[in-house]
Amino acid sequence: PFAREGIIYYYSQHSKDMEHYFYSYDEAWFTGPSTEYNHDLAKISMRMAMSSCDMNDYTGGDRSYSIRHIYDDLGFEYTDEHHTDTADSTDTVWYPLSADNTVGYSIAKKQMVDANGEEFTLVALMPRSMLYIREWAGNFDIGSGTEHEGFGIAADFIRDAAMKYFAEQNIQGKIKLWIAGYSRGAATANLTAGALDDLLADGGTLADGVCCTPDNLYAYCLE
């Protein structure tokens, strides 16, 4: 399996400058069931969540640079974002200027082979997890139901974007889904993964011709 060590970059709110972390990645970590905790996978998921931060939401610059950098390092395919502020863009990396109850995200894919020689598609789904500015206002939208309303709105948006992605990318066969988030992104990732897990556990599908089971849904959240 493909393995790599490298550096992820993110914009620190503390130093107001670019910072970096080292990472290790091994595709063998996706050969086991997601129901078994993998500490190495948890660590690279934390790095992915940090990479999902907005690089420069204050001025509308190259906001998704960091997540695109690690996707390129690891060989994931995505569509370049064009800084559009509408959700009907064909880009799979969507980092709009923030507003109340919005959520940036990225979706990327990579063809892989498991330990039995069977091909599958690994799909990374990463909500924007830092420097989202006004998106944070949704944290106060608690609501009166059993689920946090603001986080639920963001999770619904991410889930719908993922379902649209599976259909439009014409992905077929076996897939594994990798979701990670930090802070507000963690809450969004957690609810998104929970909704998709319920769908799959009830016998539902992500798209026609797509095969995914709950033990192929890898979700890691951190605060």
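Predicted model: local features only at pLDDT ≥ 70, side-chain atom pairs only at ≥ 80, totals over all residues.
Residues are numbered from 1 along each chain as its sequence is written, and side-chain values use heavy atoms, with hydrogens and water left out. Local features need pLDDT of at least 70 and side-chain atom pairs count only at pLDDT 80 or more, whereas totals for chains, interfaces and linings use all residues.

Q: What makes F76 and W178 a tilted pair?
A: The structure holds 14 aromatic pairs. Rings of Phe, Tyr and Trp (its six-membered ring) pair if their centres lie within 6.5 Å; planes under 30 degrees apart count as stacked, over 60 as edge-to-face and the rest as tilted. The centres of F76 and W178 are 6.4 Å apart and their planes stand at 45 degrees, so this pair is tilted.

Q: Why is the pair of F76 and W178 said to tie together parts that are apart in sequence?
A: F76 lies in the loop between helix 2 (65-74) and strand 3 (93-94), and W178 in strand 6 (residues 173-182), so the pair joins parts 102 residues apart in sequence. Helices (H or I, at least four residues) and strands (E, at least two) are DSSP runs, numbered from the N terminus.

Q: How do you know whether F76 is buried or exposed?
A: Buried means under 20% relative accessible area, exposed over 50%, and partly exposed in between (1.4 Å probe, protein chains only). F76 has 5% relative accessibility and therefore counts as buried. W178, at 0%, counts as buried too.

Q: Why is the pair of Y165 and F166 called edge-to-face?
A: Their ring centres are 6.0 Å apart and their planes meet at 70 degrees, so the pair is edge-to-face. Both Y165 and F166 are buried.

Q: Which residues do ring pairs link into a cluster?
A: The cluster consists of F2, Y25, F30, Y71, F76, Y78, W178 and Y218.

Q: What makes K176 a charge over the ring of F120?
A: A charge sits over a ring if NZ of Lys or CZ of Arg is within 6 Å of the ring centre and within 35 degrees of the ring normal. The charged end of K176 is 4.9 Å from the centre of the F120 ring. R47 likewise lies over the face of Y21, at 4.5 Å from the ring centre.

Q: What makes a set of residues a nonpolar core?
A: The set holds buried Ala, Val, Leu, Ile, Met, Phe, Trp, Tyr and Cys residues joined through side-chain atoms within 4.5 Å. The largest core here has 33 residues, and Y25, I44, M48, Y71, F76 and W178 have the most contacts inside it. Helix 1 gives the most to this core, with five residues. A second, separate core of 25 residues includes A154, I171, L177 and A189.
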